[in-house]
Amino acid sequence: MMNVISGHLVCPVCSLALTQQGSSLSCEQKHCYDQAKQGYWNLLLVQRKRSRDPGDNPQMVAARTHFLDQHCYQPLADKVCTEVQQALTDKPNARLLDMGCGEGYYTAQVEKALNGMQVEIIGLDISKHAIKAACRRSKSIHWLVASGAQMPVPGQSQDLLLVMFSRLMPAAFAKVVKPAGLLLLAWPAQDHLLELRQSIYDEIKVSEYDPTAELAALFSCEKVDNLRFQFSLKSAQDIQALLDMTPHSQRISAETTAKLLAAVPLNLTFHVNLGFFRRL
């Protein structure tokens with residue numbers, strides 16, 4: 001595990017700079033945080049938890065890991081890696097934070113794409129189970145259990161903030177991104193997993209969601225790319241993993257689940273927006 005550079009993380013209690021000594025981080029106010037045996041840092045304060053065990057549970061993390069490791073979403077990962085490479089070229093000692101990184105699938109691929117470039121990468125998620133899984137993907141990324149609403153990094157310190165399918169928090173995002181820094185944001189487009197939704201719901205709600213207006217006071221939208229392709233799930237295990245990693249699993253009947261698991265191969269539409277927003 002790489003050492004945390006002094007001052008690149010801040011104390012979640014008092015916001016003073018954290019310094020690493022061995023396997024501990026501490027600030028001048030003597031608040032101290034020990035590194036977990038897997039290598040991550042837990043900087044999530046108890047009072048900032050909305051539940052005893054927030055974020056994805058172990059079953060959801062396992063499902064997400066299994067599904068993503070089939071590389072059905074690889075074209076999105078490839079595009080993100082290319083865009084991050086281009087954005088950070090000629091930026092020595094750049095800093096990148098993946099907010100809501102989950103089990104680290106995209107974060108680890110971005111790290112590989114940036115091989116040879118001097119970029120410090122932080123992966124942050126509120127789920128300790130997700131971060132434990134992320135530690136298995138890379139030993140050199142700084143993995144944090146922390147709140148995305150109050151990220152424990154200095155203000156205006158990140159050259160690029162990556163947010164893949166996570167909650168939109170414009171003020172929190174703007175707080176940590178450098179002036180003219182980049183927010184790279186992915187969110188589902190209108191037809192994403194349409195066939196799956198048609199199997200589950202009697203009526204399909206057409207999503208008109210667009211974060212541009214919510215971000216407009218703090219970020220200018222440079223462009224929104226639309227990525228669309230077909231993919232196929234070739235086993236019941238893959239279909240179950242997809243169900244388990246989405247909110248649909250809580251709304252689906254046992255009968256519909258059985259039908260979907262028997263529908264091998266299951267052909268689905270991938271349809272995602274990738275937005276590029278510049279910090280004002």
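This is a predicted model: local features need pLDDT of at least 70, side-chain atom pairs count only at pLDDT 80 or more; totals for chains, interfaces and linings use all residues.
Residues are numbered from 1 along each chain as its sequence is written, and side-chain values use heavy atoms, with hydrogens and water left out. Local features need pLDDT of at least 70 and side-chain atom pairs count only at pLDDT 80 or more, whereas totals for chains, interfaces and linings use all residues.

**Stop one: strand β6**

Select residues 119-125, which form strand β6. Helices (H or I, at least four residues) and strands (E, at least two) are DSSP runs, numbered from the N terminus. Seven of the seven residues of β6 are buried, a term for under 20% relative accessible area, with exposed set at over 50% and partly exposed in between (1.4 Å probe, protein chains only).

In a regular strand the side chains alternate between the two faces of the sheet. Colour Val119, Ile121, Gly123 and Asp125, which point one way from β6, separately from Glu120, Ile122 and Leu124, which point the other way. Both sets are buried.

Leu96 has Ile121 of β6 as its bridge partner. Next show helix α3 (residues 105-113): with β5 and β6 it makes a right-handed β-α-β unit. Right-handed here means that, with the strands pointing away from the viewer, the path from the first strand over the helix to the second runs clockwise.

Then select residues 142-145, strand β7, which pairs with β6 in the parallel sense over four bridges. Here His142 of β7 stands opposite Ile122.

**Stop two: strand β11**

Move to residues 266-279, strand β11, where 12 of the 14 residues are buried, so the strand is largely enclosed by the rest of the structure. Show strand β10 (residues 219-233), which pairs with β11 in the antiparallel sense over 14 bridges. Asn226 has Asn273 of β11 as its bridge partner. Strand β9 (residues 177-188) also runs antiparallel to β11, through seven bridges. Pro188 is partnered there with Val272 of β11.

**Stop three: cysteines**

Finally, display the cysteine sulfurs. With a disulfide taken as a pair of cysteine sulfur atoms within 2.5 Å, the count comes to zero. Cys27 is in no disulfide, and the nearest cysteine sulfur, that of Cys14, is 3.6 Å away. Cys27 is buried because its relative accessibility is 6%. Select Cys221 as well: with a relative accessible area of 35%, this residue is partly exposed.

Key:
Two strands pair if DSSP finds at least two bridges between them.
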